[in-house]
Amino acid sequence: MSVPVAGLLDSFTGSFDFIFDSREAVGGGLQVGGLEQVLELLWTQVWISALALAVAAAIALPVGIYLGHRGSGELLAVAIGNAGRAVPELALIAIMIAFVGVGVLNVTIALMVLGIPPILTNSFVGMRQVDRGTVEAARGMGMTTFEVIRKVELPLAVPTIMGGVRTGATNIVATATIAPLAGVLTLGDFILNRNVYGPDGVLAGAILVALLALAVELTLAAAQRLLTPRGIELEREQARATT
Amino acid sequence: MSTNPRLRAAFAAIAALTIALVIAACGDDEEDSGDSSSSSTEASSAAIEENPDNSGISLTIGSKNFTEQIVLGEIYAQALEAAGYDISTDLSLGSEQIALKALEEGEISAYPEYTSTALTSFFEFAPEDVPGDAQAAFEETEDDFADLGLVAYPPTPFSSANAVGLLTETADELGITSISDLSDHQDLALYGSPECRQRIDCLAGLEQYYGLDGLRENFTPVDIGTRYEVLDKGDADLSILFTTDAQLFTSDEYTTLEDDMSVLPAGNIIFVASQEAADEAGADFQETIESVQENLSLEVMQELNARVDVDRENPADAAAEYLSEFGYIE
């Protein structure tokens, strides 16, 4: 038992060396790894993911919120949500090479497709599940449709909507690992090109992507908590206290 | 850049615990596409004869993951199958480093490699030291492969090299005809395979010998199969092509720049096998290999590449056609 564990620890030590210090590529010819390259690829992965998430949110949020408010189009929201989840990203990138070529546009579209379903479904459900009595009361007070959405429904739906954004963001940032297949160099470069970076590079890439996804998840979880209205939290605390 | 080694070890241990589980959960899925196109032999000078003694000898034929290699892999695999061997294939091994590792570790029994690639990538030859003569280059690789416990068989008639290619339109516009001319155009976007970055007969050589240090900044590694699409779509100004590519002969759309400093050497294909596989396979193995590659002239190889890349034929079918057209199989 001790031998394989030692071997495993060795490869992890090697991959951490790869992250912090540059070394010669497998085939010679250039220096690879080291913090400078790691940060460069990490940064690309972050901005391409942020871009894809922003586009996905810009499309899915208004549609989901509007449909959820009207309480119609459930079929549409759910169907798009489910269909979107089934799209194979690799195939999408490969097909789009024929239409838009390689590069940022290709990867952004592919990742956006991944982000839309959870955001759309969650914003629809979030708006839909707001207590009808509360909405009626708001209307009774003379609020306009816009005011009802902005002041009543949205704040109450935020936790659910943010849950969708969080899922979408985590999916996107993790999947951005395959972006090098379309010529955008993210941390996946280390993983996909073992022939250049060696086994240490592959493992280093895997560790970095896992940590990045975890960081995104935790950051957005914190954001979700911050955005949740005080009222809902109190309600939840009460519910917990009474049960 | 240095960091506290103890801190690093601690990080490593934590990461090991969390991620080992994930890795353990991921199996490796390998695709084996054994071809069942063996057939009986007919009396023809080149025809491959099925030897019943060979059945029960299992060989796995490998190749790298681009058209020419896959077609060659299929040709060798189908020929050996016709000779009676039990053949399976693994024709998507990625770059030369991966293929060599697979061969050394016994995952494959043999695969086709270019003499120039073997010498520059495996045996640290400078491009100018790669012999221009196919036989001389073969003899160099033969010795070096023997040191690794591998057997190299004599070369094919055709040879192939990397080339810096671009749209003819762009070349005319910029008025460039050779790689040296690029010294005033180092802001051009160059696309190539991921391993091009470290290969002396690719980007590393363009830097070292031509002094084109500006190219790396605008270099984008992409899948080797997209080398023409990136030019067509306008993503790339320059793309690393192969001199045996069908596209270079079926149209005037693309031009390759003259390698005026001879940094991108041409290489013939040599079939490389592990000593173990060669010993087990016996005399028919070498005989079949040498016979089946006899007709692989430059024209024939280009034609085979064209059938796959331009006519969208299946590589296995193109290989089978080659074998029957030259009378190896019925």
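# Reading strands, helices and an interface

Q: In β2(B), which residue is the bridge partner of B:T60?
A: B:S88 of β2(B) pairs with B:T60 in this predicted model.

Q: How many bridges join strand β1 of chain B to strand β2 of chain B, and do the strands run parallel or antiparallel?
A: Now the case here. β1 of chain B covers residues 58-62, and β2 of chain B covers residues 86-90. Five bridges join them, and the two strands run parallel.

Q: What unit do β1(B), helix α2 of chain B and β2(B) make, and is it right-handed or left-handed?
A: They form a β-α-β unit, and it is right-handed. The helix in this unit spans residues 67-82 of chain B.

Q: How should I read the packing of helix α4 and helix α5 of chain B, and at what angle do their axes cross?
A: Two values describe a packed pair: the angle between the axes and the distance between them. Here α4 (residues 115-122) and α5 (residues 134-147) of chain B have axes that come within 9 Å. Those axes cross at roughly 45°. α4(B) is therefore oblique to α5(B). The crossing is left-handed.

Q: Which residues of α4(B) and α5(B) make the contact?
A: α4(B) supplies B:T115, B:A118 and B:L119. α5(B) supplies B:A137, B:F138, B:E140 and B:T141. By class, the contact of α4(B) with α5(B) has four nonpolar residues, two polar and one charged.

Q: Now chain A. Where do helix α2 and helix α5 of chain A lie in the chain, and how do their axes cross?
A: Apply the two values again. α2 of chain A runs over residues 34-70 and α5 of chain A over residues 104-128. Their axes come within 6 Å and cross at roughly 30°. α2(A) and α5(A) are therefore roughly parallel to each other. Their crossing is right-handed. The contact of α2(A) with α5(A) has 22 nonpolar, eight polar and one charged residues.

Q: How many residues of chain B are in contact with chain A?
A: An interface is often sized by the accessible area lost when the parts come together. Residues in contact give another view. Here 33 residues of chain B touch 29 residues of chain A.

Q: Which elements of chain B give two or more residues to the side that touches chain A?
A: They are α1 (5-25), α3 (96-104), β8 (219-221) and α8 (229-232) of chain B. The largest share, nine residues, comes from α1(B). The residues on the side of chain B that touches chain A split into 16 nonpolar, nine polar and eight charged.

Methods:
Residues are numbered from 1 along each chain as its sequence is written. Chains are lettered from A and ligands numbered from 1 in the order in which they are written. This is a predicted model: local features need pLDDT of at least 70, side-chain atom pairs count only at pLDDT 80 or more; totals for chains, interfaces and linings use all residues. Axes are lines fitted to C-alpha atoms, for helices over the stretch in contact, and angles run from 0 to 180 degrees between N-to-C directions. Helices (H or I, at least four residues) and strands (E, at least two) are DSSP runs, numbered from the N terminus. Angles under 35 degrees count as roughly parallel, over 145 as roughly antiparallel, 65 to 115 as roughly perpendicular and the rest as oblique. A crossing is left-handed if the near helix is turned anticlockwise from the far one by less than a right angle, and right-handed if clockwise. Ala, Val, Leu, Ile, Met, Phe, Trp, Tyr, Cys and Pro count as nonpolar, Asp, Glu, Lys and Arg as charged, and the others, Gly among them, as polar. Two strands pair if DSSP finds at least two bridges between them. A crossover is right-handed if, with the strands pointing away from the viewer, the path from the first strand over the helix to the second runs clockwise. Two residues are in contact if their C-beta atoms, placed from the backbone, lie within 7 Å.
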